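Work through these exercises with the structure open. Each task is followed by a stepwise solution.

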Amino acid sequence: MAMVMRAVLTMFVSSALISLTMGRNYADFKVYRVTVASSSDFELIISMEEEEQLEILSEGHAGYMDILVSPTHDYLCRTRLAGLNMTPITQDLREMIEGERFLLSADNDTSFYDSYHELDVIYQHIDTMVAAHSDIAETFSIGNSYEGRDIKAVRITQDISDPASNDKPLLWVDGGMHAREWVTHATVTYLTDALLGEEEGEKEGEVTALLAKFQVVLVPCVNPDGYVHTQTDRLWRKTRKPSGCRRGVANWFGGCFLEQCWGTDPNRNWGPDDVWNTTGVSSNPCSYVYPGTAPFDQDCIEAMKTQLTSYGDKMKLYLSFHNYAQLFLTPLGYSKDIVTGNADHYEKVGAAVVEAIKQRYGTEYKAMQMSELYAASGNSPDWVFKVLGLVDSYLIELRDTGEYNFELPPDQILPTAEEAVDAFLALVANILYQGDE
(Lines give C-alpha, C1' and ligand atoms only; values in the text may rest on other atoms or scores of the structure.)
Protein backbone atom coordinates (compact mmCIF):
# COMPACT_ATOMS: atom_id res chain seq x y z
CA MET A 1 0.00 0.00 0.00
CA ALA A 2 2.82 2.38 0.90
CA MET A 3 4.49 1.65 -2.45
CA VAL A 4 1.24 2.41 -4.27
CA MET A 5 0.84 5.68 -2.37
CA ARG A 6 4.43 6.64 -3.17
CA ALA A 7 3.82 5.83 -6.83
CA VAL A 8 0.64 7.90 -6.87
CA LEU A 9 2.42 10.78 -5.14
CA THR A 10 5.33 10.55 -7.57
CA MET A 11 2.91 10.59 -10.51
CA PHE A 12 1.09 13.61 -9.03
CA VAL A 13 4.30 15.56 -8.45
CA SER A 14 5.63 14.66 -11.89
CA SER A 15 2.37 15.74 -13.52
CA ALA A 16 2.46 19.02 -11.60
CA LEU A 17 6.03 19.67 -12.71
CA ILE A 18 5.19 18.84 -16.31
CA SER A 19 2.15 21.14 -16.16
CA LEU A 20 4.25 23.95 -14.72
CA THR A 21 6.93 23.48 -17.35
CA MET A 22 4.58 23.24 -20.28
CA GLY A 23 2.28 26.04 -19.10
CA ARG A 24 -1.08 26.77 -20.63
CA ASN A 25 -1.89 25.18 -23.95
CA TYR A 26 -3.37 27.67 -26.43
CA ALA A 27 -3.96 25.17 -29.23
CA ASP A 28 -6.94 26.22 -31.36
CA PHE A 29 -7.59 29.28 -29.21
CA LYS A 30 -8.78 32.13 -31.42
CA VAL A 31 -8.47 35.88 -31.17
CA TYR A 32 -11.48 37.85 -32.37
CA ARG A 33 -11.73 41.59 -32.90
CA VAL A 34 -15.10 42.91 -31.74
CA THR A 35 -16.27 46.42 -32.58
CA VAL A 36 -17.26 48.27 -29.40
CA ALA A 37 -19.72 50.99 -30.35
CA SER A 38 -21.25 51.70 -26.94
CA SER A 39 -20.88 51.19 -23.20
CA SER A 40 -23.43 48.39 -23.39
CA ASP A 41 -21.22 46.53 -25.88
CA PHE A 42 -18.32 46.90 -23.48
CA GLU A 43 -20.37 45.76 -20.49
CA LEU A 44 -21.56 42.68 -22.40
CA ILE A 45 -17.98 41.62 -23.05
CA ILE A 46 -17.01 42.34 -19.44
CA SER A 47 -19.92 40.17 -18.24
CA MET A 48 -18.84 37.32 -20.52
CA GLU A 49 -15.32 37.64 -19.19
CA GLU A 50 -16.72 37.48 -15.65
CA GLU A 51 -18.52 34.27 -16.62
CA GLU A 52 -15.20 32.92 -18.00
CA GLN A 53 -16.49 32.57 -21.54
CA LEU A 54 -13.67 34.67 -22.97
CA GLU A 55 -10.61 36.68 -21.98
CA ILE A 56 -10.05 40.31 -22.88
CA LEU A 57 -6.78 41.08 -24.65
CA SER A 58 -7.10 44.74 -25.67
CA GLU A 59 -8.88 47.28 -23.51
CA GLY A 60 -11.15 48.76 -26.18
CA HIS A 61 -9.83 52.33 -26.25
CA ALA A 62 -9.44 52.20 -30.02
CA GLY A 63 -13.09 51.35 -30.74
CA TYR A 64 -12.63 47.60 -30.64
CA MET A 65 -11.81 44.87 -28.18
CA ASP A 66 -9.70 41.84 -29.00
CA ILE A 67 -10.90 38.77 -27.14
CA LEU A 68 -9.34 35.34 -26.59
CA VAL A 69 -11.73 32.43 -27.02
CA SER A 70 -11.09 28.77 -26.25
CA PRO A 71 -12.37 26.02 -28.58
CA THR A 72 -14.88 25.07 -25.86
CA HIS A 73 -16.51 28.51 -25.83
CA ASP A 74 -16.12 29.46 -29.48
CA TYR A 75 -19.69 28.74 -30.57
CA LEU A 76 -21.17 30.34 -27.45
CA CYS A 77 -19.18 33.54 -27.94
CA ARG A 78 -20.05 33.82 -31.60
CA THR A 79 -23.71 33.35 -30.68
CA ARG A 80 -23.80 35.86 -27.81
CA LEU A 81 -21.84 38.46 -29.78
CA ALA A 82 -23.72 37.89 -33.04
CA GLY A 83 -25.12 41.41 -32.95
CA LEU A 84 -21.62 42.92 -32.94
CA ASN A 85 -19.07 43.09 -35.71
CA MET A 86 -16.78 40.16 -34.86
CA THR A 87 -13.77 39.24 -36.99
CA PRO A 88 -11.23 36.45 -36.36
CA ILE A 89 -7.67 37.78 -36.45
CA THR A 90 -5.79 34.73 -35.10
CA GLN A 91 -6.96 31.20 -35.83
CA ASP A 92 -4.49 29.26 -33.67
CA LEU A 93 -2.78 31.25 -30.94
CA ARG A 94 -0.48 28.43 -29.91
CA GLU A 95 1.20 28.47 -33.30
CA MET A 96 1.93 32.20 -32.95
CA ILE A 97 3.25 31.87 -29.39
CA GLU A 98 5.55 28.99 -30.29
CA GLY A 99 7.11 31.23 -32.94
CA GLU A 100 8.48 33.48 -30.21
CA ARG A 101 11.88 33.05 -28.62
CA PHE A 102 12.49 34.08 -25.02
CA LEU A 103 16.28 33.62 -25.16
CA LEU A 104 19.28 35.87 -24.68
CA SER A 105 21.38 35.67 -27.81
CA ALA A 106 24.83 34.15 -27.30
CA ASP A 107 26.14 36.25 -30.16
CA ASN A 108 27.95 39.23 -28.67
CA ASP A 109 27.51 41.13 -31.92
CA THR A 110 23.75 40.88 -31.65
CA SER A 111 21.90 43.89 -30.28
CA PHE A 112 20.27 43.48 -26.90
CA TYR A 113 17.08 44.65 -28.59
CA ASP A 114 16.99 41.90 -31.18
CA SER A 115 15.17 39.62 -28.75
CA TYR A 116 13.16 39.54 -25.54
CA HIS A 117 14.88 38.62 -22.30
CA GLU A 118 14.22 37.06 -18.93
CA LEU A 119 13.95 39.33 -15.90
CA ASP A 120 17.41 38.53 -14.54
CA VAL A 121 18.97 39.34 -17.89
CA ILE A 122 17.18 42.70 -18.06
CA TYR A 123 18.35 43.54 -14.54
CA GLN A 124 21.90 42.46 -15.32
CA HIS A 125 21.91 44.65 -18.43
CA ILE A 126 20.69 47.65 -16.43
CA ASP A 127 23.31 47.09 -13.73
CA THR A 128 26.05 46.94 -16.36
CA MET A 129 24.92 50.12 -18.09
CA VAL A 130 24.52 52.05 -14.83
CA ALA A 131 27.95 50.93 -13.60
CA ALA A 132 29.44 52.34 -16.81
CA HIS A 133 27.72 55.69 -16.18
CA SER A 134 27.93 55.98 -12.41
CA ASP A 135 28.45 59.75 -12.68
CA ILE A 136 24.85 60.18 -13.85
CA ALA A 137 23.00 57.03 -12.80
CA GLU A 138 22.22 54.75 -9.88
CA THR A 139 19.93 51.80 -9.27
CA PHE A 140 17.71 51.27 -6.25
CA SER A 141 14.77 49.11 -5.23
CA ILE A 142 11.28 50.47 -4.70
CA GLY A 143 10.32 47.25 -2.88
CA ASN A 144 9.64 43.57 -3.41
CA SER A 145 6.88 41.67 -5.15
CA TYR A 146 4.61 39.13 -3.45
CA GLU A 147 7.02 36.33 -4.41
CA GLY A 148 9.99 38.34 -3.13
CA ARG A 149 11.44 39.65 -6.37
CA ASP A 150 13.15 43.01 -6.49
CA ILE A 151 11.37 45.86 -8.26
CA LYS A 152 14.42 47.60 -9.67
CA ALA A 153 14.47 51.31 -10.50
CA VAL A 154 17.05 53.55 -12.14
CA ARG A 155 17.59 57.22 -11.34
CA ILE A 156 19.41 59.30 -13.96
CA THR A 157 20.49 62.93 -13.71
CA GLN A 158 23.60 65.07 -13.99
CA ASP A 159 25.88 65.13 -10.94
CA ILE A 160 23.99 62.30 -9.30
CA SER A 161 26.42 62.14 -6.36
CA ASP A 162 25.46 65.68 -5.37
CA PRO A 163 22.69 65.49 -2.72
CA ALA A 164 21.08 68.51 -4.36
CA SER A 165 20.24 66.32 -7.39
CA ASN A 166 17.53 64.69 -5.27
CA ASP A 167 15.70 68.02 -5.17
CA LYS A 168 15.44 68.40 -8.93
CA PRO A 169 12.01 68.15 -10.60
CA LEU A 170 11.33 64.51 -11.37
CA LEU A 171 10.06 62.57 -14.38
CA TRP A 172 8.72 59.04 -13.78
CA VAL A 173 8.50 56.27 -16.39
CA ASP A 174 7.37 52.68 -15.84
CA GLY A 175 6.63 49.56 -17.87
CA GLY A 176 5.73 45.94 -17.35
CA MET A 177 2.68 46.56 -15.18
CA HIS A 178 0.81 43.96 -17.23
CA ALA A 179 3.01 40.89 -17.39
CA ARG A 180 2.35 39.83 -21.00
CA GLU A 181 3.25 43.22 -22.48
CA TRP A 182 6.85 42.25 -23.13
CA VAL A 183 7.69 45.14 -25.42
CA THR A 184 7.10 47.60 -22.56
CA HIS A 185 9.90 46.08 -20.47
CA ALA A 186 12.21 46.37 -23.46
CA THR A 187 11.05 49.91 -24.22
CA VAL A 188 11.73 51.29 -20.74
CA THR A 189 15.12 49.55 -20.76
CA TYR A 190 15.93 51.13 -24.13
CA LEU A 191 14.85 54.57 -22.89
CA THR A 192 17.20 54.04 -19.94
CA ASP A 193 20.04 53.27 -22.35
CA ALA A 194 19.19 56.34 -24.42
CA LEU A 195 19.33 58.62 -21.38
CA LEU A 196 22.69 57.07 -20.48
CA GLY A 197 24.02 57.86 -23.96
CA GLU A 198 24.26 54.21 -25.02
CA GLU A 199 21.55 54.65 -27.67
CA GLU A 200 20.16 57.55 -29.71
CA GLY A 201 23.56 59.27 -29.95
CA GLU A 202 22.19 61.94 -32.28
CA LYS A 203 20.02 63.19 -29.39
CA GLU A 204 22.95 63.74 -27.05
CA GLY A 205 22.45 67.49 -26.77
CA GLU A 206 18.75 67.17 -26.04
CA VAL A 207 19.32 64.45 -23.45
CA THR A 208 22.13 66.38 -21.74
CA ALA A 209 19.92 69.46 -21.40
CA LEU A 210 17.09 67.31 -20.01
CA LEU A 211 19.32 65.70 -17.38
CA ALA A 212 20.66 69.09 -16.33
CA LYS A 213 17.11 70.18 -15.48
CA PHE A 214 15.44 66.95 -14.34
CA GLN A 215 16.02 63.69 -12.55
CA VAL A 216 14.42 60.72 -14.32
CA VAL A 217 13.29 57.57 -12.51
CA LEU A 218 12.56 54.50 -14.64
CA VAL A 219 11.04 51.17 -13.55
CA PRO A 220 11.17 48.62 -16.40
CA CYS A 221 9.25 45.86 -14.62
CA VAL A 222 6.55 46.88 -12.15
CA ASN A 223 5.14 43.33 -11.97
CA PRO A 224 8.14 40.96 -11.90
CA ASP A 225 6.21 37.92 -10.63
CA GLY A 226 3.77 38.14 -13.51
CA TYR A 227 6.56 38.65 -16.04
CA VAL A 228 8.41 35.54 -14.87
CA HIS A 229 5.13 33.60 -15.04
CA THR A 230 4.67 34.54 -18.72
CA GLN A 231 7.49 32.13 -19.50
CA THR A 232 5.05 29.32 -18.74
CA ASP A 233 1.79 31.13 -19.58
CA ARG A 234 2.60 33.67 -22.28
CA LEU A 235 -0.64 35.64 -21.97
CA TRP A 236 -0.68 36.02 -18.19
CA ARG A 237 -1.66 39.63 -17.35
CA LYS A 238 -1.97 39.90 -13.58
CA THR A 239 0.18 39.66 -10.46
CA ARG A 240 0.67 36.28 -8.76
CA LYS A 241 -0.73 36.78 -5.27
CA PRO A 242 -3.58 34.33 -4.50
CA SER A 243 -6.86 36.14 -5.09
CA GLY A 244 -9.59 33.71 -4.00
CA CYS A 245 -11.54 30.69 -5.20
CA ARG A 246 -13.17 30.26 -8.57
CA ARG A 247 -16.84 31.21 -8.22
CA GLY A 248 -16.13 31.83 -4.52
CA VAL A 249 -16.43 28.14 -3.68
CA ALA A 250 -14.12 27.02 -0.87
CA ASN A 251 -13.74 23.46 0.38
CA TRP A 252 -14.03 22.14 3.94
CA PHE A 253 -10.30 22.42 4.56
CA GLY A 254 -9.92 26.13 3.81
CA GLY A 255 -8.82 25.58 0.22
CA CYS A 256 -10.74 25.97 -3.04
CA PHE A 257 -13.25 23.39 -4.21
CA LEU A 258 -13.01 24.27 -7.92
CA GLU A 259 -9.77 26.15 -8.43
CA GLN A 260 -7.46 28.60 -6.71
CA CYS A 261 -7.42 31.94 -8.53
CA TRP A 262 -4.20 33.88 -8.80
CA GLY A 263 -3.37 37.51 -9.19
CA THR A 264 -5.01 40.89 -9.52
CA ASP A 265 -5.01 43.28 -12.45
CA PRO A 266 -2.35 45.77 -11.30
CA ASN A 267 -3.88 48.53 -13.40
CA ARG A 268 -7.24 48.12 -11.64
CA ASN A 269 -5.66 48.08 -8.17
CA TRP A 270 -5.06 51.81 -7.72
CA GLY A 271 -7.29 54.34 -5.98
CA PRO A 272 -8.72 56.84 -5.47
CA ASP A 273 -10.62 54.88 -2.85
CA ASP A 274 -13.98 56.36 -3.80
CA VAL A 275 -13.74 55.18 -7.42
CA TRP A 276 -11.76 51.93 -7.09
CA ASN A 277 -13.77 48.86 -8.14
CA THR A 278 -16.60 50.91 -9.65
CA THR A 279 -16.41 50.34 -13.41
CA GLY A 280 -14.69 48.19 -16.03
CA VAL A 281 -13.81 45.51 -13.48
CA SER A 282 -14.92 42.01 -12.50
CA SER A 283 -15.79 40.54 -9.10
CA ASN A 284 -14.51 37.13 -10.26
CA PRO A 285 -11.06 36.63 -8.68
CA CYS A 286 -10.03 34.52 -11.69
CA SER A 287 -10.83 37.38 -14.09
CA TYR A 288 -8.06 39.27 -15.83
CA VAL A 289 -9.71 42.55 -14.76
CA TYR A 290 -10.19 41.61 -11.12
CA PRO A 291 -9.26 44.73 -9.05
CA GLY A 292 -8.29 42.99 -5.82
CA THR A 293 -9.95 43.07 -2.42
CA ALA A 294 -8.89 46.67 -1.72
CA PRO A 295 -6.85 49.42 -3.38
CA PHE A 296 -3.12 48.70 -3.22
CA ASP A 297 -3.50 45.19 -1.80
CA GLN A 298 -0.84 44.05 -4.29
CA ASP A 299 2.74 44.35 -3.06
CA CYS A 300 4.11 45.82 -6.27
CA ILE A 301 1.39 48.48 -6.51
CA GLU A 302 1.72 49.39 -2.83
CA ALA A 303 5.47 49.83 -3.44
CA MET A 304 4.74 52.05 -6.42
CA LYS A 305 2.31 54.16 -4.39
CA THR A 306 4.82 54.61 -1.56
CA GLN A 307 7.60 55.62 -3.93
CA LEU A 308 5.49 58.05 -5.95
CA THR A 309 4.03 59.64 -2.84
CA SER A 310 7.52 60.21 -1.42
CA TYR A 311 8.36 62.60 -4.25
CA GLY A 312 5.62 65.06 -3.37
CA ASP A 313 5.44 68.07 -5.64
CA LYS A 314 8.86 67.31 -7.17
CA MET A 315 7.16 64.99 -9.66
CA LYS A 316 6.36 66.77 -12.92
CA LEU A 317 5.55 63.82 -15.21
CA TYR A 318 4.09 60.36 -14.78
CA LEU A 319 4.24 58.07 -17.82
CA SER A 320 3.29 54.39 -17.95
CA PHE A 321 3.97 52.25 -21.03
CA HIS A 322 1.54 49.48 -22.01
CA ASN A 323 0.67 47.68 -25.23
CA TYR A 324 -1.09 47.34 -27.57
CA ALA A 325 -3.21 49.80 -29.63
CA GLN A 326 -0.88 52.71 -30.56
CA LEU A 327 -2.55 55.29 -28.33
CA PHE A 328 -1.56 58.26 -26.18
CA LEU A 329 -4.05 58.37 -23.31
CA THR A 330 -4.90 61.20 -20.94
CA PRO A 331 -7.02 61.29 -17.73
CA LEU A 332 -9.65 60.45 -16.77
CA GLY A 333 -10.09 56.72 -17.14
CA TYR A 334 -12.79 56.03 -14.56
CA SER A 335 -15.15 58.74 -15.82
CA LYS A 336 -16.10 60.17 -19.19
CA ASP A 337 -16.17 63.64 -17.67
CA ILE A 338 -13.80 66.02 -19.42
CA VAL A 339 -10.98 67.24 -17.18
CA THR A 340 -12.05 70.86 -17.09
CA GLY A 341 -9.27 73.39 -17.34
CA ASN A 342 -6.81 70.94 -18.91
CA ALA A 343 -8.51 69.95 -22.17
CA ASP A 344 -6.46 72.39 -24.27
CA HIS A 345 -3.24 71.26 -22.62
CA TYR A 346 -4.01 67.60 -23.25
CA GLU A 347 -4.84 68.34 -26.87
CA LYS A 348 -1.52 70.16 -27.32
CA VAL A 349 0.53 67.46 -25.61
CA GLY A 350 -1.22 64.66 -27.45
CA ALA A 351 -0.67 66.29 -30.83
CA ALA A 352 3.03 66.79 -30.09
CA VAL A 353 3.57 63.18 -28.99
CA VAL A 354 1.64 61.68 -31.91
CA GLU A 355 3.55 63.81 -34.42
CA ALA A 356 6.92 62.97 -32.86
CA ILE A 357 6.20 59.24 -33.10
CA LYS A 358 5.11 59.55 -36.72
CA GLN A 359 8.26 61.36 -37.79
CA ARG A 360 10.57 58.37 -37.42
CA TYR A 361 8.79 55.54 -39.28
CA GLY A 362 5.40 56.95 -40.15
CA THR A 363 3.66 54.96 -37.41
CA GLU A 364 0.21 56.34 -36.64
CA TYR A 365 -0.80 56.80 -33.01
CA LYS A 366 -3.96 58.45 -31.73
CA ALA A 367 -4.34 60.77 -28.73
CA MET A 368 -7.53 60.50 -26.65
CA GLN A 369 -8.95 60.49 -23.14
CA MET A 370 -8.71 57.06 -21.52
CA SER A 371 -12.47 56.82 -20.98
CA GLU A 372 -13.49 58.13 -24.41
CA LEU A 373 -14.93 54.76 -25.43
CA TYR A 374 -15.42 53.12 -22.03
CA ALA A 375 -14.61 53.81 -18.40
CA ALA A 376 -12.40 51.66 -16.17
CA SER A 377 -11.43 52.43 -12.59
CA GLY A 378 -8.25 51.76 -10.64
CA ASN A 379 -5.58 52.78 -13.18
CA SER A 380 -2.30 54.45 -12.24
CA PRO A 381 -2.58 57.72 -14.25
CA ASP A 382 -5.94 58.49 -12.65
CA TRP A 383 -4.53 57.98 -9.16
CA VAL A 384 -1.52 60.20 -9.88
CA PHE A 385 -3.81 62.86 -11.35
CA LYS A 386 -6.46 62.77 -8.61
CA VAL A 387 -4.42 62.03 -5.49
CA LEU A 388 -1.02 63.55 -6.26
CA GLY A 389 -2.57 66.40 -8.24
CA LEU A 390 -0.30 65.97 -11.27
CA VAL A 391 -1.92 67.09 -14.53
CA ASP A 392 0.80 65.54 -16.69
CA SER A 393 -0.10 61.92 -15.99
CA TYR A 394 -0.29 59.68 -19.04
CA LEU A 395 -0.40 56.17 -20.46
CA ILE A 396 0.99 55.13 -23.85
CA GLU A 397 -0.21 51.97 -25.58
CA LEU A 398 2.68 50.89 -27.81
CA ARG A 399 2.65 48.86 -31.04
CA ASP A 400 0.83 47.28 -32.67
CA THR A 401 -2.88 47.54 -33.52
CA GLY A 402 -3.60 43.84 -33.21
CA GLU A 403 -1.85 41.95 -35.98
CA TYR A 404 0.49 40.36 -33.45
CA ASN A 405 -1.15 41.69 -30.23
CA PHE A 406 1.22 40.87 -27.32
CA GLU A 407 3.44 38.61 -29.44
CA LEU A 408 5.07 41.57 -31.17
CA PRO A 409 7.93 40.10 -33.25
CA PRO A 410 11.46 40.79 -32.00
CA ASP A 411 12.25 42.78 -35.14
CA GLN A 412 9.72 45.37 -33.94
CA ILE A 413 11.25 45.84 -30.48
CA LEU A 414 13.84 48.38 -31.60
CA PRO A 415 11.60 50.59 -33.77
CA THR A 416 8.92 50.55 -31.07
CA ALA A 417 11.44 51.64 -28.45
CA GLU A 418 12.95 54.29 -30.73
CA GLU A 419 9.51 55.80 -31.26
CA ALA A 420 9.02 55.78 -27.49
CA VAL A 421 12.17 57.86 -27.04
CA ASP A 422 10.79 60.39 -29.52
CA ALA A 423 7.47 60.38 -27.66
CA PHE A 424 9.15 60.89 -24.28
CA LEU A 425 11.27 63.83 -25.45
CA ALA A 426 8.28 65.48 -27.11
CA LEU A 427 6.24 64.94 -23.99
CA VAL A 428 8.84 66.49 -21.68
CA ALA A 429 9.06 69.51 -23.99
CA ASN A 430 5.32 70.09 -23.63
CA ILE A 431 4.48 69.36 -19.98
CA LEU A 432 3.23 72.21 -17.83
CA TYR A 433 6.47 72.46 -15.88
CA GLN A 434 9.17 74.14 -17.95
CA GLY A 435 11.52 75.27 -15.18
CA ASP A 436 9.97 78.67 -14.62
CA GLU A 437 8.17 77.93 -11.36
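**Exercise 1.** Are Cys261 and Cys286 buried or exposed, and what links them?

*Solution.* 
- Step 1. This is a predicted model. In it, Cys261 is buried, and so is Cys286.
- Step 2. Check the sulfur atoms. They lie 1.8 Å apart, and the cut-off for a disulfide is 2.5 Å. Cys261 and Cys286 therefore form a disulfide.
- Step 3. Cys261 lies in strand 10 and Cys286 in the loop between strand 10 and helix 9 (299-310), so the bond ties together parts that are 25 residues apart in sequence.
- Step 4. Read the torsion about the S-S bond. It is about -80°, so this disulfide is left-handed.

**Exercise 2.** Find the disulfide partner of Cys245 and describe the link.

*Solution.* 
- Step 1. The partner is Cys256, with an S to S distance of 2.0 Å.
- Step 2. Cys245 sits in strand 9 (residues 242-245) and Cys256 in the loop between strand 9 and strand 10 (260-262), so the pair joins parts 11 residues apart in sequence.
- Step 3. The angle about the S-S bond is -80°, and the link of Cys245 and Cys256 is left-handed.
- Step 4. Cys245 and Cys256 are both buried.
- Step 5. The count for the structure comes to two disulfides. With the bonded cysteines numbered in sequence order, the pairing is 1-2, 3-4.

**Exercise 3.** Which salt-bridge partners does Asp265 have?

*Solution.* 
- Step 1. One partner is Arg237, with the closest N and O atoms 2.6 Å apart.
- Step 2. Asp265 lies in the loop between strand 10 and helix 9, and Arg237 in the loop between helix 8 (224-229) and strand 9, so the pair ties together parts 28 residues apart in sequence.
- Step 3. Another partner is Arg268, with the closest N and O atoms 3.8 Å apart.
- Step 4. Check burial. Asp265 has a relative accessible area of 0% and is buried. Arg237, at 2%, counts as buried. Arg268 is buried as well.
- Step 5. The whole structure holds 20 salt bridges. Glu200, Glu202, Lys203, Arg360, Glu418 and Asp422 are linked in a network of them.

Notes. Residues numbered from 1 in each chain as written. Predicted model: local features only at pLDDT ≥ 70, side-chain atom pairs only at ≥ 80, totals over all residues. Heavy atoms only, no water. Helix = DSSP H or I, 4+ residues; strand = E, 2+ residues; numbered from the N terminus. Buried < 20%, exposed > 50% of the residue type's maximum accessible area, 1.4 Å probe, protein only. Salt bridge = Lys/Arg side-chain N within 4 Å of Asp/Glu carboxyl O.
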